[in-house]
Amino acid sequence: MSSQYPSLKPFNTLGINVVARDITTAKTIADLCDAWQTCQQKNMPFILLGGGSNVLFLEDYHGMVVINRLMGIQVEEKDDAWHLHVGAGENWHHLVEYTLAQGFSGLENLALIPGCVGSAPIQNIGAYGVELKDVCEYVDIVDLQHGQIKRLLADACQFGYRDSLFKHAYRDGYAITAVGIKLAKTWHPVMTYGELTKLNSATVTPGQIFDGVCHMRRSKLPDPEITGNVGSFFKNPVVDAIEASEILHHYPDVPHYPQTNGAVKLAAGWLIDQCHLKGYRIGGAAVHRQQALVIINENNATSQDIVALAHEIRQRVGSKFNVLLEPEVRFIGAMGEKDATEVIS
Ligand code: FAD
Ligand code: EPU
């Protein structure tokens, strides 16, 4: 596509310089539905973006990119909890800061995750022992074709590790418009991770956890404002009990997290690190030196550079550990989403 089209570079945190046929902002549900209808009429693809911090545009996008800016935070106080109704276009980290400033605890472990509130349920964002599902009360979606709003209670969202119904049955033709969050007045600090374990459980405050999380994140994750990235490029692989015991037999040091069903989650960053890939480059893309699970746009990387590097990482980890990594990031082709695992296989 020619350069007369608008660049997507400011709208994806990897900083991939491709263009879209059109980029528009939606401030209301009606804007979203209108944009969808226009795309239907013109027979062109439609994609909604929040902060663009979990997407890889593989090539120029032949459709309309809609930037979600449905704003607003409403708070209702009940005896045992604060109930928040948050517009999908609100910035996630600003929400965390806002709640702490109001004296509401519960979101402190999820500080500094880029992107919008409306994207948080999609992969059930998680960090430092807490996931969105732990605080989510409901998710509101709109059927873009008919304009009907539907409320899904958290139990219906099928939240899993980096997964939910919004990646499956409600992936196409729907948009998340708001998220309901319940923050209990009785606070249970989660201090199971890294430097948080050193805090004193008798005196700890939500602010201390927030500061600890921000400190840990800044020490290993690159700031997308400075260095393009999408956080963890791959998911941590979950292997069955037999595979896990095989790997643990050969590599007893592998960080691993037993799951409820006997399966075991392995630390992908450790597996990549053991392949001595930190700092490894293809074109302008590189494996981050402080955290091997992060691919960075070091020097005007193209999406081909990123895909080639992800392919190489998957091959090397597969050969050494017999574990095949799968991307966490969503891959977007000219006409819509592509199967990311297939693209890098
Ligand atoms: P986008 O990239 O804009 O969109 C992601 C996908 O959701 C796209 O397919 C898009 O079409 C779809 N989508 C977006 N909004 C909507 C909507 N309203 N309705 C329907 N579909 C929609 N993630 C974690 O879980 N934990 C972390 O600790 C974490 N750390 C990160 C650190 C860094 C430095 C970076 C860059 C990323 C990190 N991430 C992390 C990943 C990312 O921040 C999250 O996945 C975030 O929720 C993505 O939000 P976004 O608004 O940027 O989504
Ligand atoms: N490790 C290494 N070398 C590395 C990277 C990690 O040895 O280069 C080891 C660490 O020492 C640690 C283990 O691997 O023992 C896990 O690493 P880390 O604590 O950094 O967490 P992670 O599993 O790599 C996950 C999430 C992050 C989330 C953090 C904190 C996934 C895919 N990633 O990373 O989420 O912030 O835990 O909870 O689950 C994201 O999804 O984008 C993301 C950043």
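User: Let's start with ligand 2. Which ligand 2 atom does a backbone N or O atom of Tyr-128 lie 2.7 Å from?

Analyst: An oxygen atom of ligand 2. That is a polar contact, meaning a pair of N or O atoms within 3.5 Å. This is a predicted model, where local features need pLDDT of at least 70, side-chain atom pairs count only at pLDDT 80 or more, and totals for chains, interfaces and linings use all residues. Residues are numbered from 1 along each chain as its sequence is written, chains are lettered from A and ligands numbered from 1 in the order in which they are written, and side-chain values use heavy atoms, with hydrogens and water left out.

User: Which side chains have polar atoms by an oxygen of ligand 2?

Analyst: Tyr-161 has a polar side-chain atom 2.7 Å from an oxygen atom of ligand 2, and for an N or O atom in the side chain of Asn-236 the distance to a ligand 2 oxygen is 2.9 Å. The protein buries 81% of the 820 Å² that ligand 2 exposes when taken alone (Shrake-Rupley areas, 1.4 Å probe).

User: What's in the shell around ligand 2?

Analyst: There are 11 nonpolar, five polar and seven charged residues. Nonpolar here covers Ala, Val, Leu, Ile, Met, Phe, Trp, Tyr, Cys and Pro, charged is Asp, Glu, Lys and Arg, and the others, Gly among them, count as polar. Helix α5 gives the largest share, three residues.

User: OK, ligand 1. Which residues come nearest?

Analyst: Leu-48, Gly-50, Ser-53, Ser-119 and Arg-217, out of 30 around ligand 1 (a heavy atom within 4 Å).

User: And which backbone atoms lie 2.9 Å from it?

Analyst: A backbone N or O atom of Cys-116 lies 2.9 Å from an oxygen atom of ligand 1, while one of Ile-176 is 2.9 Å from a ligand 1 nitrogen. Taken alone, ligand 1 exposes 990 Å², and the protein buries 93% of that.

User: Switching to the largest nonpolar core: which members touch the most others?

Analyst: Leu-56, Phe-233 and Ile-313, among 51 residues. A nonpolar core is a set of buried Ala, Val, Leu, Ile, Met, Phe, Trp, Tyr and Cys residues joined through side-chain atoms within 4.5 Å, with buried meaning under 20% relative accessible area (1.4 Å probe, protein chains only). Helix α6 (residues 303-321) gives the most to this core, seven residues; helices are DSSP runs (H or I) of at least four residues.

User: Where does another core lie?

Analyst: Apart from that one; this other core has 42 residues, including Leu-132 and Phe-210.

Notes: Buried < 20%, exposed > 50% of the residue type's maximum accessible area, 1.4 Å probe, protein only. Helix = DSSP H or I, 4+ residues; strand = E, 2+ residues; numbered from the N terminus. Polar contact = N/O pair within 3.5 Å; in protein donor to acceptor, adjacent residues only side chain to side chain.
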